[in-house]
Amino acid sequence: MKRSVLTMLVAVMLTVGSFGSAIAGGKVVLGVPGAHSGDLAAYGLPTVEAAKLVVKAINDAGGVNGMQVAISTQDDQCKPEFATNAAMKLLSDGVTVVLGHICSGATKAALPIYKESNLVCMSPSATNPPLTQSGDYPNFFRTIASDDAQAALAAKFAMEKLGLKNIAIIHDKGDYGKGFAEFAQKYVEEAGVKVALFEGVTPGAVDYSAVVQKIKSTGADGVIFGGYHPEASKIVSQIRKKKMTIPFVSDDGVKGKAFIDIAGEAAEGVYATGPLDITGNPMYKVALDQYKATHEGGEPGAFYFEAYSAALALLKAIDNAKSTDYDKIVEALRTTEVETPVGNIKFDAKGDAIGVGFSVYQVKNGEYVEVK
């Protein structure tokens, strides 16, 4: 790491209180579970990178309450059946707090394990509303807004900005994709706009021509898709092969370079919701410069800044609490504001970060740009 970047990060940390030395000895273990391999690794690996960079900077600055921070990673491939095993392995590693999981389904599967063990879990990307709104997981926090807000924005944009009147809503049957689609359906129908088709597809299928043909036969003037880039890229490619030029609107599971790389020319013009533009935040530049100082070229990837923010929030909460006690960490997260790349945040009683939200982006010349 370049010294100037570390100096900048430490300087920003000092503005919100330095990492002190009230508890000598021992260590803090940050668990980082997520999709580290497989089709959705593009969403999980940036979180690992964010965690490593935050932890290195904090350790170089003296640690948290005099304790060095270690990282324990576990790969769940965004699959619920792997997430529970990952959670159990993290417990055996003696984790203090958890940064993850990445996908909503995997997060939901693992949360009861963390809850029973009095462990705080904070996701940079799990947007399924019931994760916070059900009240079932008081140990869960996130640095991204939930799907009801995201779906409301997507539906409003499709109807008001694109003028769609007959919308096909497709999803991948998962907690995240189906949840987003159901909220989109709700908002579309409440506005008196017709839902031409509401249907789930099987993740990982090679061919989606059947659902594409259904979209065409309904006369839909646009598509809203809930899910991730592997399915979205295939569906939009097959839509374009059918010479259908209707708008394709999706979610933050599609707003990333991986979708553009796979869909190629078919990605051009696609809309997707994603976290608000945060490039004006001072800590955004710190996090970006820190990444570029340690990586040759390229951008950090999906949810890197949300993950960086979550790592800072978790470790700062331990510092503010002067303890690794669960109740004291939760209290610190809810009462003390922390400067992060996604803004100056603290968390409401449900676990949602106050002040974060979504914007709409469109692929133009091979890149997502914010729609003003």
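Mentor: Strands S9 and S10 run in the parallel sense, and two bridges pair them. Find Ser250 and look across to S10: Ala272 stands opposite. Keep in mind that this is a predicted model.

Stay on S10 for a moment. This strand covers residues 271–275 and is mostly covered. Five of its five residues are buried.

Now turn to S9, residues 248–250, and its pairing with S8, residues 222–226. This pairing is also parallel, over two bridges. Here Ile224 stands opposite Val249 in S9. A helix lies against this region: H9, residues 229–241, packs on the sheet. H9 touches S6 (166–171), S8 and S9. The direction of H9 makes about 170° with that of S9.

Step back to the whole sheet. Seven strands form an open sheet in the order S7-S6-S8-S9-S10-S13-S14. Its pairing is mixed. Which strands stand at the edges? They are S7 (194–200) and S14 (367–370). Each has a single partner strand, so one side of each is left without a neighbour in the sheet. Neighbouring strands here are turned by 30° against each other on average, with direction ignored.

S13 and S14 pair in the antiparallel sense, over four bridges. Val363 stands opposite Tyr368 in S14. The two strands form a hairpin with two residues between them. In that hairpin, Asn365 takes a positive phi near 55°.

The loop runs between S12 (343–345) and S13 (358–364), and Gly351 is found in it. Is Gly351 buried or exposed? It has 0% relative accessibility, so Gly351 counts as buried. The cut-off for buried is under 20%. Gly351 touches Thr132, Phe140, Phe141 and Arg142, leaving out residues up to four places away in sequence. Compare sequence with space for Gly351 and Tyr137: they are 214 residues apart in sequence. From C-alpha to C-alpha, Gly351 and Tyr137 are 8.9 Å apart.

Look at the S2 end. S1, residues 27–34, pairs with S2 in the parallel sense over eight bridges. At 16% relative accessibility, Asn59 counts as buried.

Next, two helix pairs. Begin with H6 (residues 147–161) and H7 (residues 175–190). Their axes come within 8 Å and cross at roughly 50°. H6 and H7 are therefore oblique to each other. The crossing is right-handed. On the H6 side, the contact includes Ala151, Ala155 and Met159. On the H7 side, Phe180, Phe183 and Tyr187 are among the residues in contact. By class, this contact of H6 with H7 has 11 nonpolar, one polar and two charged residues.

Then take H12 (residues 304–321) and H13 (residues 326–335). Their axes also come within 8 Å, but cross at roughly 110°. That makes H12 roughly perpendicular to H13. This crossing is right-handed too. H12 contributes Ala313, Ala317, Ile318, Asn320 and Ala321 to the contact. H13 contributes Lys328, Ile329, Ala332 and Leu333. Sorted by class, the contact of H12 with H13 has seven nonpolar, one polar and one charged residues.

Go back to the start with this in view. S9 sits between S8 and S10 in the strand order of the seven-stranded sheet. S9 pairs in the parallel sense with S8 and with S10.

Terms used. Residues numbered from 1 in each chain as written. Predicted model: local features only at pLDDT ≥ 70, side-chain atom pairs only at ≥ 80, totals over all residues. Heavy atoms only, no water. Buried < 20%, exposed > 50% of the residue type's maximum accessible area, 1.4 Å probe, protein only. Contact = heavy atoms within 4.5 Å. Pairing = 2+ DSSP bridges. Axes fitted to C-alpha atoms, helices over the stretch in contact; angles between N-to-C directions. Parallel < 35°, antiparallel > 145°, perpendicular 65-115°, else oblique. Left-handed = near helix turned anticlockwise from the far one by under 90°. Nonpolar A, V, L, I, M, F, W, Y, C, P; charged D, E, K, R; others polar.
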